[in-house]
Amino acid sequence: QVQLVESGGGLAQAGGSLRLSCAASGLTFSRNAMGWFRQAPGKEREFVAAISRSGVYADSVKGRFTISRDNAKNMIYLQMNSLKPEDTAVYYCAARSSSVALMASSSYAYWGQGTQVTVSS
């Protein structure tokens with residue numbers, strides 16, 4: 001049974017930083033591409049970043065966010081710097097049944113419950 005558990009969300013001020021973590025179990029983790037998505041109130045879920053061996057990013061977070069993974073610990077991380085109020089959303093960790101990192105949420109089979117990130121101005 002695949003489980004993804006996010007942590008590290010919370011409240012930050014604009015310009016501040018937060019680090020999200022996602023603990024994965026039930027996967028052959030090193031073979032799975034992993035991703036972060038977010039959903040703000042009244043908006044569709046959107047791609048943030050994904051990683052296989054290297055990271056890919058949405059234009060809106062490029063240069064501010066960094067995705068990383070620790071295959072020994074079955075963990076992925078999202079370091080978020082220079083936060084903006086528009087980064088406020090529920091952030092979801094997701095896993096693909098493939099090693100190819102893609103941006104489409106429909107290509108991810110497994111999802112966590114999400115963690116709230118709120119950025120105040």
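Rings of Phe, Tyr and Trp (its six-membered ring) pair if their centres lie within 6.5 Å; planes under 30 degrees apart count as stacked, over 60 as edge-to-face and the rest as tilted. By that rule, a search of the whole structure finds 5 aromatic pairs. The structure is a predicted model, in which local features need pLDDT of at least 70 and side-chain atom pairs count only at pLDDT 80 or more, while totals for chains, interfaces and linings use all residues. Residues are numbered from 1 along each chain as its sequence is written, and side-chain values use heavy atoms, with hydrogens and water left out.

One of the aromatic pairs is formed by Phe37 and Trp111, a tilted pair at 5.0 Å centre to centre with 55° between the planes. The pair links distant parts of the chain, with Phe37 in strand E4 and Trp111 in strand E10 (residues 110-111), 74 residues apart. Strands (E, at least two residues) and helices (H or I, at least four) are DSSP runs, numbered from the N terminus. Phe37 counts as buried because its relative accessibility is 1%, whereas Trp111, at 26%, counts as partly exposed. Here buried means under 20% relative accessible area, exposed over 50%, and partly exposed in between (1.4 Å probe, protein chains only). Ring pairs also join Phe37 and Trp111 with Phe47, Tyr92 and Tyr108 into a cluster.

Charged groups lie over two tyrosine rings. Arg45 lies over the face of Tyr92, at 3.9 Å from the ring centre. The charged end of Arg19 sits over the ring of Tyr77, 4.0 Å from its centre. A charge sits over a ring if NZ of Lys or CZ of Arg is within 6 Å of the ring centre and within 35 degrees of the ring normal.

Next come the strands. Strands of a sheet pair through backbone hydrogen bonds, either parallel or antiparallel. In this model, 4 strands form an open sheet in the order E1-E3-E8-E7, with antiparallel pairing. Two strands pair if DSSP finds at least two bridges between them. Strand E1 (3-7) and strand E7 (65-70) are the edge strands, each pairing on one side only. Between E7 and strand E8 (residues 75-80), which run antiparallel, there are 6 bridges; Ile67 has Leu78 in E8 as its bridge partner. The loop between E7 and E8 holds Ala72, which is exposed because its relative accessible area is 76%. From Ala72 to Ala14 the separation is 58 residues in sequence and 33 Å in space, C-alpha to C-alpha.

Leu78 also belongs to the largest nonpolar core, which has 34 residues; Met34, Trp36, Leu78, Met80 and Tyr91 touch the most other members. The elements giving two or more residues to this core are E3, strand E4 (34-39), strand E5 (46-51), E7, E8, E9 and strand E11 (115-120). A nonpolar core is a set of buried Ala, Val, Leu, Ile, Met, Phe, Trp, Tyr and Cys residues joined through side-chain atoms within 4.5 Å.

The structure holds 1 disulfide, defined as a pair of cysteine sulfur atoms within 2.5 Å. This disulfide joins Cys22 to Cys93, with an S to S distance of 2.1 Å. The pair links distant parts of the chain: Cys22 lies in strand E3 (residues 18-25) and Cys93 in strand E9 (residues 89-95), 71 residues apart. The torsion about the S-S bond is about -75°, so the disulfide is left-handed. Cys22 is buried, with a relative accessible area of 0%, and Cys93 counts as buried at 0% relative accessibility.
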